[in-house]
Amino acid sequence: MSKHRVSRRQFLNYTLTGVGGFMAAGMLMPMVRFAVDPVLKGEDAGDFIATPLKIADIANEPQKVNFSFTQKDAWYESEETGTAWVFKNEGGEIVALSPVCKHLGCVVDWNTDKKNPNMFFCPCHYGLYEKDGMNVKGTPPLAPLDVYPTKEKDGFLYVGKAEPRKGA
């Protein structure tokens, strides 16, 4: 036997501390798992979202295309609608631009300003963008419109997540 004896008070103190620690761990573990679980889950969705636009229907004139996707915020899933301005450039490549103005986040429209035809126009603060999405110097936007990466699958246009573009 050990020469160091534990008093009754020390024994109760050690026992209550140990039991309390196990109880606290038992309550905290589910809470920690609940908070961390969505972060650790893998994504099962692809990077590209299908649009209803057929590749054959894409012209040189920008056209507005709406597409739907499921957005997941931790445990909450919602059906969201995205928009892109899609056209073929002079080289025949498909270009998909985000309609969100880089000044304050308003929505731009194609060819709606009578003074500046064939340009994207932001009605909030009179921002202008060229057809290729580059911002016009001297107007409020300080950066070009974001660009959606595109791909074709089964004759339909698929768009990825909008990415900022370097430029003016």
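Biologist: Which residues make the nonpolar surface patch of about 480 Å²?

Modeller: Happy to. One thing before we start: this is a predicted model. The patch you're asking about is made by M27, L28, M31, V32 and V36, and it covers about 480 Å². Let's zoom in on one of its members, L28. You'll find L28 in helix α1, which runs over residues 8–40. The relative accessibility of L28 is 47%, and since that lies between the 20% and 50% cut-offs, L28 counts as partly exposed.

In the model, residues 12–32 are 100% helix and 0% strand.

Now let's go on to the strands. Strand β2 (residues 63–73) and strand β3 (residues 76–88) run antiparallel, with 11 bridges joining them. To see how they line up, find N66: it stands opposite T83 in β3. Between the strands of this hairpin sit two residues, and A74 takes a positive phi near 55 degrees.

Next, the rings. A pair of aromatic rings is described by the distance of the centres and the angle of the planes. The model has five aromatic pairs. One of them is F67 with F69, a tilted pair with 6.2 Å from centre to centre and 35 degrees between the planes. How covered are these two? F67 has 5% relative accessibility, which is under the 20% cut-off, so F67 counts as buried. F69, at 25%, is partly exposed. Ring pairs also bring in Y148, so that F67, F69 and Y148 are linked into a cluster.

Another pair is F121 with Y126, whose ring centres are 5.9 Å apart. Their planes meet at 40 degrees, so this pair is tilted. Here F121 is buried because its relative accessible area is 11%, under the 20% limit. Y126 is exposed because its value is 60%, over the 50% limit.

To come back to your patch: M27, L28, M31, V32 and V36 make it, and L28 is the one we placed in helix α1.

Terms used:
Residues numbered from 1 in each chain as written. Predicted model: local features only at pLDDT ≥ 70, side-chain atom pairs only at ≥ 80, totals over all residues. Heavy atoms only, no water. Pairing = 2+ DSSP bridges. Helix = DSSP H or I, 4+ residues; strand = E, 2+ residues; numbered from the N terminus. Phe/Tyr/Trp six-rings, centres within 6.5 Å; stacked < 30°, edge-to-face > 60°. Buried < 20%, exposed > 50% of the residue type's maximum accessible area, 1.4 Å probe, protein only. Patch = residues over 30% accessible without salt bridge, like charges linked within 9 Å, V, L, I, M, F, W, Y side chains within 5 Å. Areas by Shrake-Rupley, 256 points an atom, 1.4 Å probe, with all protein chains shown as cover. Salt bridge = Lys/Arg side-chain N within 4 Å of Asp/Glu carboxyl O.
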